[in-house]
Amino acid sequence: MADLKKVLVVILVVTLVLSALSVVFNLTIYNMKSSNNKEMVRPSSNYGNVGFFVETSNKGVQSGNGG
Amino acid sequence: MADSNSKAVTVFAVFVFIISLFSVGVFYLSAKTLFSTISGYATSVGEANLTVESVVTINFTTARINWGSGRVNDGFSSAGLNTFATNNVTNGNWSLQNAGGLRIENLGNVNVTLNLSGTKTAASMIGGTSPGYRWNVTSFESGACRNSSGGTGALQTDFFYVVNTSTTLFCNYFQFLDDRDVVRIDFNLTIPSDSFTGTLGDTITAVAFAA
């Protein structure tokens with residue numbers, strides 16, 4: 001009877017380990033499938049400009065003294 | 001003693017049974033996913049399938065701002081240029097040719113992040129004594145620019161910040177809906193009387209990623 005219990009326990013332990021491995025394996029596969037479904041969307045970029053022209057006569061104007 | 005051993009084995013057996021059931025459930029999910037993608041899997045169920053692609057596209061609908069040619073008025077240490085509709089030049093004789101700032105529209109079908117950068121600082125673009133080069137991002141259409149929680153707080157908007165040459169995030173959610181998909185960038189420049197001369201300017205780069 002004691003031997004029978006030992007065999008039963010061994011079978012249960014093996015079943016437990018295999019079930020746990022199965023869960024981990026299948027969840028990994030499922031997550032890989034889910035992550036593959038994520039859409040890769042390309043970023044977009046665009047340009048704008050600000051500009052002006054400073055006349056040469058700007059040079060040398062003294063500040064705040066009326067020139 | 002034997003009785004307690006039997007109880008322990010029974011409890012263990014029940015635990016293993018539960019784990020096994022969970023394993024079967026996970027296997028079912030995994031197998032269902034697999035069978036739906038394997039060719040040769042026959043089914044009598046009809047299916048109409050379409051995929052709507054996500055597209056990220058932003059565009060400067062106003063891409064150029066130009067104040068033309070001018071200089072600091074005699075007797076003033078600097079002139080101020082901005083992109084507002086009125087009073088956009090002070091102490092100078094420039095003339096703004098297109099008021100209203102740069103405008104960016106989200107033309108895609110997803111909300112995006114809006115990131116901006118310039119290529120120059122005030123010193124490298126304008127030169128002279130105490131030049132200024134600042135920008136101000138606002139939602140041209142109400143609600144266009146949103147933060148990470150969908151609100152408008154803690155955004156670098158509605159205030160003139162020094163233009164940054166490194167990419168700066170302005171909108172966590174730049175929306176795509178037609179009535180709220182335009183953002184405006186205004187500029188405020190200070191041109192000292194001893195600034196560089198000739199053609200001066202900068203290029204503003206906007207980059208958007210799916211939010």
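How many residues does the contact take from chain B and from chain A?

1. The contact takes 57 residues from chain B and 40 residues from chain A, where two residues are in contact if their C-beta atoms, placed from the backbone, lie within 7 Å. This is a predicted model, in which local features need pLDDT of at least 70 and side-chain atom pairs count only at pLDDT 80 or more, while totals for chains, interfaces and linings use all residues. Residues are numbered from 1 along each chain as its sequence is written, and chains are lettered from A in the order in which they are written.

2. On the side of chain B that touches chain A, the largest share, 14 residues, comes from α1(B); helices (H or I, at least four residues) and strands (E, at least two) are DSSP runs, numbered from the N terminus. By class, that side of chain B has 30 nonpolar, 22 polar and 5 charged residues, with Ala, Val, Leu, Ile, Met, Phe, Trp, Tyr, Cys and Pro counted as nonpolar, Asp, Glu, Lys and Arg as charged, and the others, Gly among them, as polar.

3. Strand β1 (residues 44-54) of chain A pairs with β2(B) in the parallel sense over 5 bridges, pairing being assigned if DSSP finds at least two bridges between two strands. Within this pairing, Asn49(A) has Arg64(B) as its bridge partner in β2(B).

4. Strand β8(B) runs antiparallel to β10 (residues 168-174) of chain B, joined by 2 bridges, and Cys145(B) stands opposite Phe174(B) in β10(B).
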